[in-house]
Amino acid sequence: MKVIPRRNRFGRKAQPVDYHEALREIAKSMVRLKRPERLLKMITRFITRELGLTHAAILVLEPEKSRYTIFDSKGVKKLPRSLIRLDLDHPIIRWFRMTDKETEADRAYISKNRIQALLRNPQIYKNRPEVHESLVRLQRAMGDYRVDIAIPGHFKEALVGILLLGEKLSRRLFTQTEISFFQTLVHDAAIAVKTSEYHERLIERNLELEERLKEIERLRKKEQETYYEIMKSLAQEVHAKDPYTFGHIHQVERLGVMTAEEMGLDLSGRKKAVLSAGLLLHDVGKIGIPDNILKKPSALDTEEWKVMRTHVEKGVKILEPLTDFKEVTEIVRCHHECYDGSGYPRGLRGDQIPIEARIVSVVDAFHAIVSTRCYREGRSIETALQELQRNAGTQFDPQVVGAFLRAFKKNGRSRKAA
Ligand SMILES: [Fe+2]
């Protein structure tokens, strides 16, 4: 890269500008700077200071207003920022948006001297008065803003901005090396501006998307909560059918939580809510069992038991739409599994059965034994506790039975407490 000696405002020789080095430094800044505004300011500052110009300014497109406004201006004769707003019809803007083939090469940049040369050559605008008029208007506009040279910055055919440069304080002409340097700068700055715009738009869209997702999540949660409330009402409805088991589910819930606490289970976060929901909803599928079976005042026969057992899969189907309650559905699915694998519907055993379902199984059995049915009186608490111990290790998880007994003793042995 050619090194050009420069002169300061007094015309004395100063240090030469190494354009190659300058471009490398600015390229580094482009990577570093996230906001293109700082980059544009850096460019105008660098040009006016290092090349000793009367002024330098950058016009940037405001797409939503279809106009170009002066973004930054520096130098001893800098342009007033607030005053310069060029619409699409302005001669400087029109020039760089023109598609005239004869003057196409001059779309890369235009200088005051070049306009004069073009106007002196009638061949250029022969039979094309509009080109002549454009050149005259352009010359006047460049004079109004004391612009010596204008360099456009394009991005994918779109005119993103224009660098306007005043004359050198030394009155020397711009060299081709300098012009190439300006073109590279403006080209890279245009890319930086557009990339930043895309980035900002992307951030905005992401924020919008996040907001929408939050709203969807909020609505979904609300829907789930409503559905859960309906399920709870349904569960109560099932037990309300049998007056003697009315209130059963809430007692089962209380005893179940007590047992889990006695076992030292982790009930943090939503784990306690999952256990409570499992204890409350385990028999919700009974809503689909005919009354003549559900309320039969005598023991069920084999066929009736088959129907009664379907309350498990019916419960699962009812709860499946509750996507937030997958664990609850699993408890419902497993609450009639037995510790030794003899239960239903899948014959799971031991740890294959969720611990919450093993708790439901024990607590539910206890309450069923002590509750009065229409075909029999409820049995004593002692009988129920013995029954649990007798079946620990076969029907029930022995650890759960042990914890239940301890919790029950701690919290009172009265029938009322059950
Ligand atoms: Fe059940």
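Two strands pair if DSSP finds at least two bridges between them. That cut-off is needed for the sheet below. The model is predicted.

**Exercise 1. Find out how strand 8 is held in its sheet, and whether strand 8 is enclosed or open.**

Step 1. Start with the whole fold. The protein has 15 helices and eight strands.

Step 2. Six of them form an open sheet in the order 5-4-3-8-7-6, with antiparallel pairing.

Step 3. Count bridges on one side of strand 8. Strand 7 (residues 149–155) is joined to strand 8 by seven bridges, and the two run antiparallel. The cut-off for pairing is at least two bridges.

Step 4. Count on the other side. Five bridges link strand 3 (residues 56–62) to strand 8 (residues 158–165), again antiparallel.

Step 5. Check burial. Six of the eight residues of strand 8 are buried, so strand 8 is largely enclosed by the rest of the structure.

Step 6. Look at the turn. Two residues lie between the strands in the hairpin of strand 7 and strand 8, and K156 there takes a positive phi near 50 degrees.

Step 7. Helix 2 (residues 36–51) lies across strand 3, strand 4 (67–74) and strand 8, and runs at about 50 degrees to strand 4.

**Exercise 2. Trace the surroundings of L164, and link them to the largest nonpolar core.**

Step 1. Set aside neighbours within four places in sequence. L164 is then in contact with A57, L59, Y145, V147 and A150.

Step 2. A57 stands opposite L164 in strand 8. A150 has L164 as its bridge partner in strand 8. For L59, the bridge partner in strand 8 is I162.

Step 3. Move to the core. The largest nonpolar core has 48 residues, and L59, A150, I162, L164 and A189 have the most contacts inside it. Helix 6 (residues 176–240) gives the most to this core, with eight residues.

Step 4. Look beyond it. A second, separate core has 37 residues, including L319, C338, A357 and A384.

**Exercise 3. Describe how helix 4 and helix 5 pack.**

Step 1. Take the angle and the distance. Helix 4 (residues 112–120) and helix 5 (residues 129–144) pack at about 155 degrees, with axes 10 Å apart.

Step 2. Classify the angle. Angles over 145 degrees count as roughly antiparallel. Helix 4 and helix 5 are therefore roughly antiparallel to each other.

Step 3. The crossing of helix 4 and helix 5 is left-handed.

Step 4. Name the residues. Helix 4 makes the contact with K112, I115, L118 and L119, and helix 5 with L135, L138, Q139 and M142.

**Exercise 4. Is R97 buried, exposed or partly exposed?**

Step 1. Locate R97. It lies in helix 3 (residues 91–97).

Step 2. Count neighbours. R97 has 13 C-beta neighbours inside 10 Å, so it counts as partly exposed.

Step 3. R97 and L159 are 62 residues apart along the chain, yet their C-alpha atoms are separated by 7.4 Å.

**Exercise 5. Which residues of helix 12 are buried, and what covers them?**

Step 1. List them. In helix 12 (residues 326–334), V328, T329, I331, V332, R333 and C334 are buried.

Step 2. Find the cover. It includes helix 8 (271–281), helix 11 (311–319) and helix 13 (355–370).

How values were computed. Residues are numbered from 1 along each chain as its sequence is written. This is a predicted model: local features need pLDDT of at least 70, side-chain atom pairs count only at pLDDT 80 or more; totals for chains, interfaces and linings use all residues. A nonpolar core is a set of buried Ala, Val, Leu, Ile, Met, Phe, Trp, Tyr and Cys residues joined through C-beta atoms within 7 Å. A residue is buried if 20 or more other C-beta atoms lie within 10 Å of its own, exposed if 12 or fewer, and partly exposed in between; C-beta atoms are placed from the backbone. Helices (H or I, at least four residues) and strands (E, at least two) are DSSP runs, numbered from the N terminus. Two residues are in contact if their C-beta atoms, placed from the backbone, lie within 7 Å. Axes are lines fitted to C-alpha atoms, for helices over the stretch in contact, and angles run from 0 to 180 degrees between N-to-C directions. Angles under 35 degrees count as roughly parallel, over 145 as roughly antiparallel, 65 to 115 as roughly perpendicular and the rest as oblique. A crossing is left-handed if the near helix is turned anticlockwise from the far one by less than a right angle, and right-handed if clockwise.
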